[in-house]
Amino acid sequence: MLRYVAGGASALLLAGALAANPASAANGSGAHGLLASTTVGAAGADVGYAVDKPLCSTKVVPGHANCFAMGRVPVKPGTPGAIPYVERGSTSVDAPPLGPAGGYTPNDIATAYEYNPSVNRSNQTVGLVDWFDDPKIAANLAHFDSFYEFPKETASSFRKVNQTGAKSPLPSSSRGRHTAAEIALDVESVRAVCHTCRILLVEAKSSSLTNLAAAENTAVRLGATEVSDSFGAPEAEESKTIRNAFNHPGVVLTASTGDDGWFGWDFVNANEGSDNAPSFPSTAPTVVSVGGTRLQLNSNGSIGEQTIWNENGKDDSVGLSDGAPDGAGGGGCSTEFTAPAWQSHFAGYSAAHCGGKRLAADVSAIADPDIGLDVFDTWGTHDHGWVTIGGTSLSSPVIAAMFALAGGSGGTVYPAASIYENAKNNPSRVFDVVPTNDGLTSGNGFCGGDATSTCGNDVSTDTHGGTHNPNALGAGEVDCSFPRNDTNPAKFPPLSPECNTTAGYDGPSGVGTPLGTGLFSPTSPAVSLRSTTKVARLHKVMGFTAVATERLAGQHVTSVTFTWGDGHSTSGTSLKGTHAFAKKGRYDIDVVVTDSAGGQSRADVHITVGEPSAGKPVGPKTVKHGHKAKFHIRATDPNTGGKIKKITWSWGDHHSSRGKRVSHRWHAKGKYRITVTVTDTTGVRTKFVRHVRVK
């Protein structure tokens with residue numbers, strides 16, 4: 001889906017809003033993601049000024065994704081769109097802890113979200129999918145580790161591969177200067193949250209969804225227990241292959257909702273139109289969709305205030321003065337995907353009026369680049385050392401790494417379900433992102449949480465015939481509360497939680513932000529699967545047993561589905577299943593157990609059946625007739641439970657021998673064909689041929 005310029009309608013929309021509220025546009029007041037008023041301007045506070053800039057291209061190209069990293073770039077006071085921030089080294093007692101570039105440190109985020117970053121999770125591998133190569137990332141990560149006194153990286157703690165899983169060739173590094181800051185943010189934010197997790201960086205050849213899908217599959221194939229996707233594209237009926245790449249049951253896949261507000265509306269500030277859709281893959285029901293917040297800390301490191309991230313201000317009062325997209329957490333009702341039951345049945349979902357469609361986000365975390373995470377990057381085009389970076393490209397890896405700290409999915413088919421179950425049963429595990437009384441934005445739409453009457457009046461001009469509907473100005477859909485067409489509402493509608501925060505669940509923040517890793521603890525049954533048949537034989541019935549232990553009190557198993565990996569499946573209520581395989585091969589046997597709370601968990605086992613043995617006869621190629629020649633065979637049996645039980649040698653002269661190590665004499669000169677037949681306990685016979693010359 002391409003953004004469009006609707007005959008200058010975007011500019012007219014902005015002009016109308018500017019005329020309605022010139023004071024706020026001129027001074028940047030409102031919901032710009034500033035530090036608290038008690039910090040900026042406080043006694044002893046050293047104030048700098050900066051603008052937020054996307055660190056990847058924002059041009060929408062069909063079939064390609066954009067990354068969602070935004071950097072805080074210092075500028076001179078008076079620069080259009082410049083915002084104040086407290087600089088590192090400020091003597092203000094109100095100033096929060098600051099990193100080397102004046103942003104948050106790993107400890108700040110750990111304290112705010114109440115987790116232990118040092119717990120041993122070396123069994124968890126967080127995959128990161130990006131595009132192009134950052135040849136400096138290993139060195140930059142080492143510098144990041146050293147600065148914060150984290151453990152040194154090893155060959156297994158950090159790996160980098162291409163989209164097929166090979167160490168080389170890696171994609172373009174010169175073009176990688178445009179995505180290096182995103183890669184540094186992904187890698188270093190995971191290490192900031194989880195000091196012991198393994199990190200797997202998969203670099204795709206380009207930003208095409210086809211290449212990113214290949215990289216996603218590779219990350220899972222190479223053992224990633226969590227994968228963070230800090231990218232997206234406007235929904236556009238993606239192919240089955242691409243959708244399947246973001247559907248890996250039992251693996252935690254997190255995806256950023258985007259940096260341009262509900263339906264990508266804030267591009268109207270650059271005289272472009274809205275995306276008219278939320279971002280894929282964040283809307284896929286198979287991922288954990290992650291929105292963005294503005295995090296303000298108390299002096300002790302706890303959360304003082306947390307609001308929805310929207311740099312554009314209420315009624316776009318800040319964004320319109322900048323003439324550029326200022327950034328806001330994305331999201332909205334999907335135009336393609338149905339909401340899974342664990343979301344559609346959650347309290348608050350129905351108020352968003354998504355019509356049964358998937359709503360992004362599920363959960364949220366720090367995103368505002370005005371005080372994001374300090375990252376070390378020496379390869380990016382904008383960066384020369386420590387920089388402060390945010391965007392929902394920060395939110396996604398933070399949540400993925402917190403899932404890793406919680407021990408991963410625990411077998412839950414779609415781990416987002418655990419978030420909703422935990423939020424319902426243990427609300428103390430959630431910081432609820434709600435509207436505030438200090439004038440900050442509380443929505444990710446054009447109105448930014450402002451009353452629809454105020455917002456509607458701000459966009460009403462004689463030029464547009466007095467319409468009070470921001471969606472009727474030719475720039476596409478920009479706010480969720482108003483009719484999605486050119487209708488002028490008869491009366492001002494209520495704020496919709498699709499793009500406005502409210503107590504409890506809402507679209508911009510999902511259930512809220514985590515307090516501890518308990519929000520990510522698996523709630524579906526703990527499931528394991530084993531074969532009860534010791535030896536796998538073709539055409540013979542094999543037995544399998546699933547063991548399910550409920551994690552929620554009072555629940556019981558309601559259905560069990562075995563998928564045999566050969567195109568067949570068996571469903572019922574029994575935890576025991578049987579199947580016979582008709583063709584040789586290696587099969588991934590999968591079981592999904594559903595309980596009475598709707599929780600689903602999976603487990604699998606791998607078997608090999610009917611495959612020939614691997615081997616090689618070893619011995620001389622030339623022998624003298626009448627002389628004894630020694631031979632042996634190196635053979636292995638790949639079949640599950642199989643063992644080699646008989647080896648027969650046929651010497652080509654009407655004689656034969658048995659055994660792994662044998663000898664033979666030929667009494668006539670000539671060329672002979674040696675045939676070795678290996679038989680295993682599963683009934684598979686494999687023949688090997690070798691030739692010998694007798695002289």
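Modeller: The axes of helix 5 and helix 10 (residues 392-405) cross at roughly 30° and come within 8 Å. This is a predicted model, where local features need pLDDT of at least 70, side-chain atom pairs count only at pLDDT 80 or more, and totals for chains, interfaces and linings use all residues. Residues are numbered from 1 along each chain as its sequence is written, and side-chain values use heavy atoms, with hydrogens and water left out.

Biologist: What makes helix 5 roughly parallel to helix 10?

Modeller: Angles run from 0 to 180 degrees between N-to-C directions, with axes fitted to C-alpha atoms over the stretch in contact. Under 35 degrees counts as roughly parallel, over 145 as roughly antiparallel, 65 to 115 as roughly perpendicular, and the rest as oblique. The crossing is roughly 30°, so helix 5 gets the roughly parallel label.

Biologist: Which residues of helix 5 and helix 10 make the contact?

Modeller: Contact means heavy atoms within 4.5 Å. On helix 5 that gives E182, L185, D186, S189, V190 and V193, and on helix 10 S393, L394, P397, V398, A401, M402 and L405. Sorted by class, there are nine nonpolar, two polar and two charged residues.

Biologist: And how does helix 4 pack with helix 5?

Modeller: Helix 4 (residues 137-148) and helix 5 (residues 180-193) have axes 10 Å apart, at an angle of about 35°. Their contact is made by I137, N140, L141, F144 and D145 of helix 4, with I183, A184, V187, E188, R191 and A192 from helix 5.

Biologist: On to the cysteines. How do you know that C56 and C67 form a disulfide?

Modeller: The cut-off is a pair of cysteine sulfur atoms within 2.5 Å. For C56 and C67 the S to S distance is 1.9 Å, so they are joined. C56 sits in the loop between strand 1 (47-54) and strand 2 (66-67), while C67 is in strand 2, so the link ties together parts eleven residues apart in sequence.

Biologist: Why is C56 called buried?

Modeller: Buried means under 20% relative accessible area, exposed over 50%, and partly exposed in between, with a 1.4 Å probe and protein chains only. C56 has 12% relative accessibility, so it counts as buried. C67, at 8%, is buried too.

Biologist: Why is the disulfide of C447 and C455 called left-handed?

Modeller: The torsion about its S-S bond is about -75°, so the C447 and C455 disulfide is left-handed. For C194 and C197 the torsion is about 85°, so that disulfide is right-handed.

Technical notes
Helix = DSSP H or I, 4+ residues; strand = E, 2+ residues; numbered from the N terminus. Nonpolar A, V, L, I, M, F, W, Y, C, P; charged D, E, K, R; others polar.
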